[in-house]
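Please read it with the structure open beside it.

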Amino acid sequence: MNRLIKTPADIVLLRESGKRLSSIVSKVAAAVAPGVTTGELDALARREIAVLGDKPAFLNYRPQGAPKPYPAALCVSVNEEIVHGIPGERILEEGDIVTVDLGLNHQGRFTDMALTVPVGAVEASLLPFLDACKRSLEAGIAAAKPGNRIGDISAAVSQTVKAAGYVVIRELAGHGVGYGVHEDPYVPNYGPAGKGMKLEPGMVIAIEPMIALSGKGNIVLEDDDFTYATEDGSLSAHFEHTVLIGETGPEVLTALAD
């Protein structure tokens, strides 16, 4: 069995998984406000997943090399935190930016999604920063066509970020998804176009630009063994969609409802 290529039956389940995940992430993002704790966001995500009869993909998931399983359903990363922030008692403050990142297991088929949102009113300079990260994701998705290469996605992301004056975080990347949380192929957010694995219909990948407002984009792993943050404290943004490589082009399985 070629695990890179999902079957028609898999794709039906993944479409439903993505639709459900997008709905949950939208509700969690709408709940972001000053005074809300990151733990309350996690609790909301868990309730919404339970209502649908599904399972949180990240809860008790142990990534390769991690010393322990991840203890929450939702990743909540604030300001300089890039990914895998563990929710708890931290209170969100006016002017923060926060990334909510969630994975869903729907009948054994996994999808993954993230977005970064402002907490209340933020500095005006942060809005184009968040927009640039979102646009880099859109550029990466547009390059996810059958016959293209992984490098075409990588180049589209990095070129968009660079043109906007921001910094790609190179040590973290997207990935295949579907039968599990993380699968092949590795989908970096920088690199030359025309290189890497060829994209074929039926492949499902999580494209997820992670960028820094300034600095060199170096990262550090915090003491909780999960949270990655920018080494220099620069603010970070992260947007992610699960994307099916269709016969004629990309299909965003986690698209937000209009």
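The points below take up the sheets, a hairpin, the pockets, a salt bridge and some backbone details.

1. Basis of the note. The model is a predicted one, in which local features need pLDDT of at least 70 and side-chain atom pairs count only at pLDDT 80 or more, while totals for chains, interfaces and linings use all residues. Residues are numbered from 1 along each chain as its sequence is written, and side-chain values use heavy atoms, with hydrogens and water left out.

2. The sheet around β10. Helices (H or I, at least four residues) and strands (E, at least two) are DSSP runs numbered from the N terminus, and two strands are taken to pair if DSSP finds at least two bridges between them. On that basis β6, β10 and β13 form, in this order, an open sheet of 3 strands with antiparallel pairing. Its edge strands are β6 (167-168) and β13 (236-238), each of which pairs on one side only. Strand β10 (residues 210-212) is joined to β13 by 3 bridges, and A212 has S236 of β13 as its bridge partner. Helix α3 (residues 126-142) packs on this sheet and touches β10 and β13, with its direction at about 35 degrees to that of β13. Contact here means heavy atoms within 4.5 Å; axes are lines fitted to C-alpha atoms, for helices over the stretch in contact, and angles run from 0 to 180 degrees between N-to-C directions.

3. The sheet around β12. Another open sheet has 3 strands in the order β3-β12-β11, again with antiparallel pairing. Because β3 (81-83) and β11 (219-221) stand at its edges with a single partner strand each, one side of each has no neighbour in the sheet. From one strand to the next, the twist averages 40 degrees. The antiparallel pairing of β3 with strand β12 (residues 228-230) runs over 2 bridges, and A229 in β12 is the bridge partner of E81.

4. The hairpin of β7 and β8. These two strands pair in the antiparallel sense over 3 bridges, with V187 in β8 as the bridge partner of G174. The hairpin has 6 residues between its strands, and in it G178 takes a positive phi near 145 degrees. The peptide bond from D184 to P185 is cis, with omega near 5 degrees, and P185 is found in strand β8.

5. The largest pocket. A pocket, on a 1 Å grid over the protein atoms alone, is an open set of points where a 1.4 Å probe fits, with protein on both sides within 12 Å along at least five of seven lines, and lining residues have an atom within 4 Å of a point. The largest pocket holds about 790 Å³ of space, where a volume is the space filled by probe spheres set on the points, which are joined across faces, edges and corners. Of its 31 lining residues, P63, Q64, H84, H182 and Y228 lie nearest the centre. The elements that give two or more residues to this lining are β7 (174-176) and β8 (183-187), and β8 provides the largest share, 4 residues. By class the lining has 17 nonpolar, 7 polar and 7 charged residues, where Ala, Val, Leu, Ile, Met, Phe, Trp, Tyr, Cys and Pro count as nonpolar, Asp, Glu, Lys and Arg as charged, and the others, Gly among them, as polar.

6. The second largest pocket. Its volume is about 200 Å³, and its lining includes A114, L115, K134, L137, E138 and I141. At least two lining residues come from each of β5 (109-118) and α3, with α3 giving the largest share, 4 residues. This lining divides into 8 nonpolar, 1 polar and 3 charged residues.

7. The whole structure contains 10 salt bridges, each defined as a side-chain nitrogen of Lys or Arg within 4 Å of a carboxyl oxygen of Asp or Glu. In one of them the side chains of E16 and R20 meet at 2.8 Å, N to O. These two residues are separated by about one helical turn because they are 4 residues apart in helix α1 (residues 8-30).

8. A backbone detail to check. N79 is not a glycine, yet has a positive phi of about 60 degrees. This residue, N79, lies in the loop between β2 (74-78) and β3.
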